[in-house]
Amino acid sequence: MKTIAFFNNKGGVGKTSLVYHLAWMYADLGMSVVAADLDPQANLTSMFIDEERLESLWPDGRHAQTVYGAIQPLLDGTGDIAPPYVEDAGEHIGLLVGDLALAVSEDELTGQWPECLDRKPRAFRVISAIWRVIEQAAREREAGVVLIDVGPNLGAVNRAALIAAEHVVIPLAPDLYSLQGLRNLGPTLRRWRNEWAERRSRNPVDDLSIPSGAMIPEGYVVMQDAVRLDRSVKAHDRWMARIPAVYREAVLDEKATAASRSTRDDPACLAGLKHYRSLMPFAQEARKPMFFLTAADGALGGHAKAVQDCYGDFRDLARTIASRCGLRLP
Ligand SMILES: Nc1ncnc2c1ncn2[C@@H]1O[C@H](COP(=O)(O)OP(=O)(O)OP(=O)(O)O)[C@@H](O)[C@H]1O
Ligand SMILES: [Mg+2]
């Protein structure tokens, strides 16, 4: 089972949309997939699940069927994690349902992190809780891959989510904020990896499954801009040209001088993903991925061709990510 997190500390760069579409694509390519919604905003869950069903998954004050619910007994001090509920979100797609309440666990995850250094059993249970929920869900679904969506911040929930990920893919946009995001994210991932390595070896609980914390950066996906009237092509090209060096320096911790001059010949660039314009609203309305839209969903005429191209783009991206992560497709 491979775990892949999609992460950038810059918001709105298409993390959730990527996880959603790749979940459908890997399922279409014959894999069993678990999609883990670890962003308390729960946007991924809202993409998969209609409002009526959401209401029953999120009853007032109760969390039995969400990812928060699975770790709640541990946080409340009434036990260890509960068996996670996994929602059928599509054929061969299991969803760990997001929950606003997950934000509440931020304090406990922050407080228990230093306690690991003192070999405290509870600290290891708390810090590994998200990993263990993911592992159990993947086992239940016999999943080949777990795709993890997180919110755009460097907080303790994300740290626990990221140490559960063996691989990290970084969606970004060609703009100033995305590059600043990379400059924060690269050193943070290294720090988390080192700090977890230091703690891991002190785990006193023999039979506790704890994550490796590899967090290997596998590359970035550039979201192409929608044509924006307030921005010149020149600005766009300038930011594009800077991405390889900033990624190399900030994320890979290597000399920027050796970086490619363009994302086109940068081995770290997994794909440039088009802005699919009108397909996205159709997809949200139909509650399906853009590449499965039909005429009945409004994808008529020129849209039908765009749907086909979109399928090809995501299939290629899914294959590229699989090969980087050593994920064997059926
Ligand atoms: N390839 C795409 N084509 C068209 N629209 C897109 C594409 N990718 C994302 N979007 C749109 O861009 C917006 C932001 O995308 P998304 O929510 O996936 O980003 P995010 O990085 O998960 O954001 P956050 O940081 O808030 O979690 C959404 O409105 C989404 O519909
Ligand atoms: Mg998101």
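Me: By class, what residues does the shell around ligand 1 have?
Reply: The shell has 6 nonpolar, 8 polar and 2 charged residues. Nonpolar means Ala, Val, Leu, Ile, Met, Phe, Trp, Tyr, Cys and Pro; charged means Asp, Glu, Lys and Arg; the others, Gly among them, count as polar. This is a predicted model, where local features need pLDDT of at least 70 and side-chain atom pairs 80 or more, while totals for chains, interfaces and linings use all residues. Residues are numbered from 1 along each chain as its sequence is written, with chains lettered from A and ligands numbered from 1 in the order in which they are written.

Me: Which residues are the closest of those that surround ligand 1?
Reply: Gly 11, Gly 14, Lys 15, Thr 16 and Ser 17 are the closest of 16. A residue counts if its C-beta atom, placed from the backbone, lies within 6 Å. Helix α1 (residues 15-28) gives the largest share of the shell, 3 residues. Helices (H or I, at least four residues) and strands (E, at least two) are DSSP runs, numbered from the N terminus.

Me: Why are α4 and α7 called oblique to each other?
Reply: Helix α4 (residues 67-76) and helix α7 (residues 129-141) pack at about 125°, with axes 10 Å apart. Axes are fitted to C-alpha atoms, for helices over the stretch in contact, and angles run from 0 to 180 degrees between N-to-C directions. Under 35 degrees is roughly parallel, over 145 roughly antiparallel, 65 to 115 roughly perpendicular, and the rest oblique. α4 and α7 are therefore oblique.

Me: What meets what between α4 and α7?
Reply: Val 67, Ala 70, Ile 71 and Leu 74 in α4 meet Ala 129, Ile 130 and Val 133 in α7. Contact means C-beta atoms, placed from the backbone, within 7 Å. By class, these residues are 7 nonpolar, no polar and no charged.

Me: What makes α9 roughly parallel to α10?
Reply: The axes of helix α9 (residues 176-200) and helix α10 (residues 233-251) cross at roughly 10° and come within 9 Å. That angle makes α9 roughly parallel to α10. The contact divides into 10 nonpolar, 1 polar and 2 charged residues.

Me: Why is α8 called roughly perpendicular to α9?
Reply: Helix α8 (residues 156-163) and α9 cross at roughly 70°, and their axes come within 11 Å. So α8 is roughly perpendicular to α9. Arg 159, Leu 162 and Ile 163 of α8 make the contact with Leu 189, Trp 192 and Trp 196 of α9. The classes are 5 nonpolar, no polar and 1 charged.

Me: What makes β3 and β8 the edge strands?
Reply: The open sheet has 8 strands in the order β3-β4-β2-β5-β1-β6-β7-β8, with mixed pairing. β3 (87-90) and β8 (269-273) each pair on one side only. Twist averages 25° from one strand to the next.

Me: How do you know which strand pairs with β1, and how do the two run?
Reply: Two strands pair if DSSP finds at least two bridges between them. β1 (residues 2-6) and β5 (residues 145-149) are joined by 5 bridges and run parallel. Phe 6 stands opposite Asp 149 in β5.

Me: Which strands does α9 touch?
Reply: α9 packs on the sheet, touching β6 (167-172) and β7 (216-223). Its direction makes about 165° with that of β6.

Note on methods:
Two residues are in contact if their C-beta atoms, placed from the backbone, lie within 7 Å.
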